Amino acid sequence: MISILNIKTNFFSILILSYCVYVMVYYKSISLRYIRLIALAFILEVGKFQGYFFAIGESEVSYEDAFATILLVINCVSMAKHKRYDKKTFIVAMALLTVALLGIIMENIAPYQGLIIPYNSKRAWDGYAIGVEDKTEVVYSVTRFMLLYVRILSLATTILVINKKLPTSCYKIIIRKISGFGKIVLSYGVVELVLKNIFHSNLTNRINCTMFGLGISTYTEIAFRSGLARLQGFTREPSHFSMAIFYFVLIIIMNDLINNTKKTGFWLPVSMLLLLMCRSFAALVYLILIFVFVFTFYRKGKGTVNIQKIKQRLWCISGFAIAGVIALLLCGMESYLSDRLAYVVRVVGKLINGGSVPVNSDVVRLISIIDTTKDFLHRPLLGLGMGVEAAHSGVVSMLADIGVLGVFFWWKLVASIPHDKRGKIAVLVWILAANLLCGTQRIMYSVVVMVFIVFCQCMDKRYEENISDQLALQQE
């Protein structure tokens, strides 16, 4: 940790800044520059690194928030220098940004009269669920609004800069770079699993605090459930690590498909084991979605490469993984997963009908989603305003942020990236479904959505590599 005038930062923050400066100075080509910036943005957003980019007193700025600001500045410089962008995309981007502004203006002119749990108040949702904390009136915060607005600005300007300027091979390189870091994340999870459950060592948590800083909400001690240590990787908590595992293993699978490599056979079962050991609700959701992903993209075997062998291998591995999970459930080692699913189903019915239920993390999650949805329905067009209220759901939180109108323009902006029909499936399944019961709205405003769409572009056999593709590959 480095402290100057009560401002704390750390080695990882300095490393990120140095890398950004290097990319901007060394690479003159927009394509080669954004290959690295988009990959880094994805890694920081999905990695959910614990600690902080910098901290002033009790206030912390996360790595993903800081990099969204850095990327926004880089985008503005690029737009001012090149002065070329797609006009239709620009209009859609301006419409989205305008709707977001109108929502918060409306909230200031005619405040929502209902009571809410404010944005970024996870502990408040817990307190409300157990009856020790009440909801409050809407309190507008410029800081909360600006943090989210910078994110959506960063996404919009990134799409404006790179839209129709990156050849297919550039997206392949982005996915390859993310895949490489994803393997590091999964490997670190395996090391953590061994250290915590076999040697009962807290070494990984101590390493994390040294590298990334000690954040206010960081798990610093080993967390146990049913006698086994829960994993958190580089993140603040097990549910965050579950999300990191999910997205990174999907990218690893994508990389195998696009480049016809043979590494998925090892990393897929490893990711499933790590998800089980995270022992969180999110991990359960992501396990199911991984199987859906395999079915969706490997069922027909279409693409620019021969993926028949990879498809067969993945189905075989998935079969063994499913059999292993069933065996664990039958043996009782992981019975909490099946019990948790059944419990969630019962809780949903009682909450909808107004019944009382015992409180745990699942109940808190569901209460936050249901209550925030009710608040959104009072202002469905523009939402409550960015940064006013957030649930344990990226989708519901985004609706509460910018309303149906904002989500419409968000979709039009994201869909402006060239893609085939499966690009729409990518957004609807891997972004919306993955964040329906998990996550926050912040990931909806990141380049994560772009990567999944361009994967479908890479897989579409109608896109052939041209001279600029070959040039990008040679320079890489």
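Phe 181 lies in helix H7. Helices (H or I, at least four residues) and strands (E, at least two) are DSSP runs here, numbered from the N terminus. The model is predicted: local features need pLDDT of at least 70, side-chain atom pairs count only at pLDDT 80 or more, and totals for chains, interfaces and linings use all residues. Residues are numbered from 1 along each chain as its sequence is written, and side-chain values use heavy atoms, with hydrogens and water left out.

Start with the surroundings of Phe 181. Setting aside residues up to four places away in sequence, Phe 181 touches Ile 43, Phe 49 and Phe 248. Contact means heavy atoms within 4.5 Å. Ile 252 is 71 residues from Phe 181 in sequence, yet the two C-alpha atoms are 9.5 Å apart.

The axes of helix H2 (residues 30–47) and helix H7 (residues 168–197) come within 9 Å and cross at roughly 35°. Axes are lines fitted to C-alpha atoms, for helices over the stretch in contact, and angles run from 0 to 180 degrees between N-to-C directions. The crossing of H2 past H7 is right-handed. That term applies when the near helix is turned clockwise from the far one by less than a right angle; anticlockwise is left-handed. On the H2 side, the contact uses Ser 31, Tyr 34, Ile 35, Arg 36, Ile 38, Ala 39, Phe 42 and Ile 43. H7 answers with Cys 170, Ile 173, Ile 174, Lys 177, Ile 178 and Phe 181. These residues divide into 11 nonpolar, 1 polar and 2 charged. Ala, Val, Leu, Ile, Met, Phe, Trp, Tyr, Cys and Pro count as nonpolar, Asp, Glu, Lys and Arg as charged, and the others, Gly among them, as polar. An α-helix has 3.6 residues a turn, so residues three or four places apart point the same way.

Now step back along the chain from H7. Pro 167 sits in the loop between H6 and H7. Its relative accessibility is 13%, so Pro 167 counts as buried. Buried means under 20% relative accessible area, exposed over 50%, and partly exposed in between (1.4 Å probe, protein chains only). Pro 167 and Ser 31 are 136 residues apart along the chain, with 8.2 Å between their C-alpha atoms. Lys 164, which follows H6, has a positive phi near 65°. H6 itself is mostly covered, with 16 of its 21 residues buried.

Most residues other than glycine have a negative phi. His 200 has a positive phi of about 55° although it is not a glycine. Arg 279, also not a glycine, has a positive phi of about 55°. Are these two residues buried or exposed? His 200, in the loop between H7 and helix H8 (203–212), counts as exposed because its relative accessibility is 59%. Arg 279, in the loop between helix H10 (264–278) and helix H11 (281–298), counts as buried because its relative accessibility is 0%.

The largest nonpolar core has 128 residues. Such a core is a set of buried Ala, Val, Leu, Ile, Met, Phe, Trp, Tyr and Cys residues joined through side-chain atoms within 4.5 Å. Phe 42, Phe 67, Tyr 247, Trp 410 and Phe 452 have the most contacts inside this core. Helix H9 (residues 238–259) gives the most to it, with 15 residues. Not counting residues up to four places away in sequence, Phe 67 touches Ile 16, Cys 20, Leu 37, Leu 40, Ala 41 and Leu 44.

Trp 125 leads on to Ala 391. Beyond neighbours within four places in sequence, the contacts of Ala 391 include Trp 125, Ser 368, Thr 372 and Gly 439. Ala 391 is in the loop between helix H14 (361–378) and helix H15 (394–414). At 6% relative accessibility, Ala 391 counts as buried.

Finally, the whole chain. Its secondary structure comes to 18 helices and 6 strands. Buried residues make up 56% of its 476 residues.
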